[in-house]
Amino acid sequence: MPPLPLVSSLLLLLAIISSPSSAAAAAAKGRDGAASSIPRFREAPQFYNSPSCPPPLPAGPGAACSPNTLVHVAMTLDVAYLRGSMAAVLSVLQHTACPQSVFFHFVASSAASNLDATIAGAFPSLAFQIYPFADGQRVAGLISTSIRAALDRPLNYARSYLARLLPECARRVVYLDSDLVLVDDIAGLASTPIPDGLALAAPEYCNANFTSYFTPTFWANPVLSVAFEGRRACYFNTGVMVMELGRWRDGGYTEKIEEWMELQKRMRIYELGSLPPFLLVFAGRIAAVEHRWNQHGLGGDNYRGLCRNLHPGPVSLLHWSGKGKPWARLDAGRPCPLDALWAPYDLLLRAPFAIGDS
């Protein structure tokens, strides 16, 4: 796939879609004014398998272990990020040759309700199952405050528990964050080679300042910093991963991540949410994925969320990691240029335009 160009037509598209939306605000507040109310979404187009694909999976949860499942996708469903999750699902289906052979595993807060109906309403033919994150309360007790409140949600740590939540038949899973869209066939990502002995694949960024992800207290303590001895430890973003869950279970990686979280509660060794425990366990011990599969950082940094450009090279996945989210910037009428690439996947149901709204 050639690099995705930034063409001048983006500016025109932004002008059309970037005016503040009263419907988006109303959807966020809901009928009773509660910020946690589930927004309403329009029905997505139906996408069909190519002739070379297996028979379509039935809608709903019944096909999780079907031999016709080509790709297992795992995501979280947080009401605050649900608009992004719906866009991500649509992008997966739109760009794969076998959309009816993809099974979605969604992890949601135990308190969330009506999510099944919301997903089925937007994607009537989708093969999916929702798993309540029953460990959420216990995980909340392990979480230390980080530099951004959004990083401290228990669901942000659910990716560490997929091996416990998902059925054993889902051995290889593609984990995706909610603030991204694919512009390429997810089957290419799912087929990433993972050598024996490794449980994880992700794009690595060895030019990043790896030491900055941990505090001086960590690096000054030889008992702790020895954790990276003998490893070519590089930063990787946990928002896009290919996971071998059978190997994960065999390696006890959930327990190892929890051990570092428990230590963090006793002494401050990192600042950035769920990422550092992953780095402590896996950095230098993962299979590499092409950078095209995670053009990350489009949400800017974790403080101001400023606009950023694409990294050089081809693009298969656009990821708005960072503070700025495209739906929020579009609704506020202050989008970044690349937010126009997310907008076509937005399924939020908007109220009909009325003269009084102008």
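Phenylalanine 104 is buried, with a relative accessible area of 0%. The structure discussed here is a predicted model. Phenylalanine 106 is likewise buried, and its relative accessible area is 0%.

**Aromatic pairs**

Across the whole structure, a search finds 20 aromatic pairs. One of them joins phenylalanine 104 and phenylalanine 106: the ring centres are 5.8 Å apart and the planes meet at 15°, so this pair is stacked. The reasoning rests on a cut-off, because planes under 30 degrees apart count as stacked.

Tryptophan 327 and tryptophan 342 also form an aromatic pair, and this pair is tilted. Tryptophan 327 belongs to helix α13 (residues 326-331), whereas tryptophan 342 lies in the segment after α13, so the pair ties together parts that are 15 residues apart in sequence. Tryptophan 327 counts as buried at 9% relative accessibility, and tryptophan 342 counts as buried at 0%.

The two pairs are set out below.

| Pair | Centre to centre | Angle between planes | Class |
|---|---|---|---|
| Phenylalanine 104 and phenylalanine 106 | 5.8 Å | 15° | stacked |
| Tryptophan 327 and tryptophan 342 | 5.6 Å | 45° | tilted |

Aromatic residues also gather in a group: Phe210, Phe214, Phe218, Trp219 and Phe228 form one aromatic cluster.

Note on methods. Residues numbered from 1 in each chain as written. Predicted model: local features only at pLDDT ≥ 70, side-chain atom pairs only at ≥ 80, totals over all residues. Heavy atoms only, no water. Phe/Tyr/Trp six-rings, centres within 6.5 Å; stacked < 30°, edge-to-face > 60°. Buried < 20%, exposed > 50% of the residue type's maximum accessible area, 1.4 Å probe, protein only. Helix = DSSP H or I, 4+ residues; strand = E, 2+ residues; numbered from the N terminus.
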